[in-house]
Every structure is written in C-alpha cells, then in structure tokens.
Amino acid sequence: MIANPIPWPDGARCAVAMTWDMDADSAFNWYNKDTADTLVAAQSWTRYDPLIAIPRLVEQFARRELRLTFFVPGWVIEKYPAQIDLLAKHGHEIGLHGYLHERSNEIGEDDELYWFGRGLDAYKRHLGNGPRGWRAPSFAFSKYSLRVLLDAGIEYDSSLMGDDIPYALREAGSNRSLLELPTDWTLDDFPHYAHNRDLGYRMPISAPQRAMEVFRSEFDAAWEFGGLWISVWHPALSGRLARFKAALELLDYMHGKGGVWFARLDQVCAHVQQLIAEGRWSPRVETLPVYDSPLSEFARSR
Ligand SMILES: [Zn+2]
C-alpha cells in the first residue's frame, strides 16, 4: 500500500509518535484579541492545559518510560516556565509552535517573520539551543514558511498532511530541504472534543471510545502497512480525565500488539536523516510552494 516503504529501527512494523500541542491560553488570546480578558470561563478552559494536564501527563508518561514531543508557542514558554522545565527534565522534546499561536498564512511574510523570530528568541532564551522541529499553529503553514524554517536551521516540520511516511520539502529554486513528518486531521483531537461556545467551537462531543476508534484504526493501518502515526493532541482536550484514561489504554493496546517503534519526532527525524546519509532509503521530494499565486485561470480576460 505504501509505494516507498521506510525501514523502521529494529524491524519495527510502524512508528508511533504521540505528540501534543501545548497551546495553553495562546491561541485563545490570538483569536480573541479584544475580548480575552473578559472570557473568564474560556480562560480557565485553556489554562487547564498547563496547570492540570501537563503535570498529569508528565507523571503518567514517566511511569511508562515514554518520552514524547510537545510543540509549544514561545509565549507559553515565557508564561509557564516551570511546566517547560518539567517536560525537559523528563526527557520530552520541545518543538516550536509559533509565538502567540499566530496563523502564519493570514498575516503576510513580514509579520510571519516577526512572530517566528519572537518565538525562536523565547525558545532559545529558556532552553539554550534552538528547536529541531516545528509545527505551524493551526496547521497554517504559509508559502513563505519553508524558507523561514530553513533560514532558522529547523530540521523537520510536522504540519503537513501529504503522505503516510516522512518526505522531503524542497525550496523552489534551491537545493535546500528539510524533512516533513506528516500527520492528518484523523489524528487531531479537535474534531472530536473541541466544544466551547465562547471560542466558536461547536463540535458534538465524542465519547473517548469513539475518538479512540478513529485513532486506533489509523494505528492498525500504520502497523499493517508500515506507516507513521503522529497524533496532534492538546492537553486541554485529551488531558481531561476520561479522555486521557482512554489515551493510556490506547498506548497499552499498541504495546500489546508489539513491533511498534515509540519515538519522539526528533528521533524519527534523526533516523530518517541517517537512512538517507547511508543511502538506504530516499524520501519522496515535494517542492514548495506548489502555487506562487492564485491560479491564472481565475483572472478575468478583457
Ligand atoms: Zn496549537
């Protein structure tokens, strides 16, 4: 089913990276610039993430000796440094996720660069080195983003959805590229759980078992065909009691099935880089941007 199967370490059948986007109250402020101070219940909903869920996740993953990837906006690093230290202390990878959860493809090239720079500064100030990985807030990867990431030395992106396994993103007109570690909306928890009238989310709330049915189906197929399973989960949603309990049961199911490589995304990236360097595997290459401008077919002829 996969045309260019990738060898996973130790003959594993598939790779699993349970990744979390620790947005805290960043996206809430970005989307509600003028009213965020008055939306107290919504504030509490978003701050459940750093205050309640993150310590819970860290404790449970430590028990299972799991080290995962958390994507965090620079503003969240500044505002919740103790939680960032807790994650780092337990061996979790911190990837960069913007500064204030800005939507890069709606703000133009200059502003994208400005906010990216602030995020990167906040990251380096607190964590020392720069990040290896990036996930665009709200998956809003712009047609300038690849260049911004390459200029900053980012080694992998995990915002796009163009394959079942890693592939390469090459900058048009140059030889520069980085790795894409793709995910998909099926592995995002927002469509199942995000319901908050103040924030404009009105999804019918799924039972955790229903959400897990979707996530597990994706895992079973990745296991059967050699894919890469990357969840995009949010502590404010999937860190809640019933959902997190179900997430841990899913992990147990994966362990029970066997032949799974559990990894952080920086480890997946390093593995793929090594395969390429040794000439053991070559990624499919996609050149970005696909479109420089809106299609000329839509321009009205005189
Ligand atoms: Zn996010």
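I looked up E171 first: at 12% relative accessibility it counts as buried (buried is under 20% relative accessible area, exposed over 50%, partly exposed in between, with a 1.4 Å probe and protein chains only). The model is predicted, so local features need pLDDT of at least 70 and side-chain atom pairs pLDDT 80 or more, while totals for chains, interfaces and linings use all residues. Residues are numbered from 1 along each chain as its sequence is written, and side-chain values use heavy atoms, leaving out hydrogens and water.

Next I checked the partner of E171. E171 forms a salt bridge with R176, with the closest N and O atoms 3.0 Å apart (a salt bridge is a side-chain nitrogen of Lys or Arg within 4 Å of a carboxyl oxygen of Asp or Glu). R176 is partly exposed, at 32% relative accessible area.

I then followed R176 to D151. Their side chains meet in a salt bridge at 2.9 Å, N to O. R176 lies in the loop between β6 (167–171) and β7 (177–180) and D151 in helix α6 (residues 145–151), so the pair ties together parts 25 residues apart in sequence. Helices (H or I, at least four residues) and strands (E, at least two) are DSSP runs, numbered from the N terminus. D151 is exposed, at 56%. I noted D151, E171 and R176 as a linked network of salt bridges.

Last, I looked at E78. E78 forms a salt bridge with R125, the closest N and O atoms being 2.9 Å apart. This pair links distant parts of the chain: E78 sits in helix α3 (residues 74–79) and R125 in helix α5 (residues 109–127), 47 residues apart. E78 is partly exposed at 36% relative accessibility; R125 is exposed at 60%.

For the total, I searched the whole structure and found 15 salt bridges.
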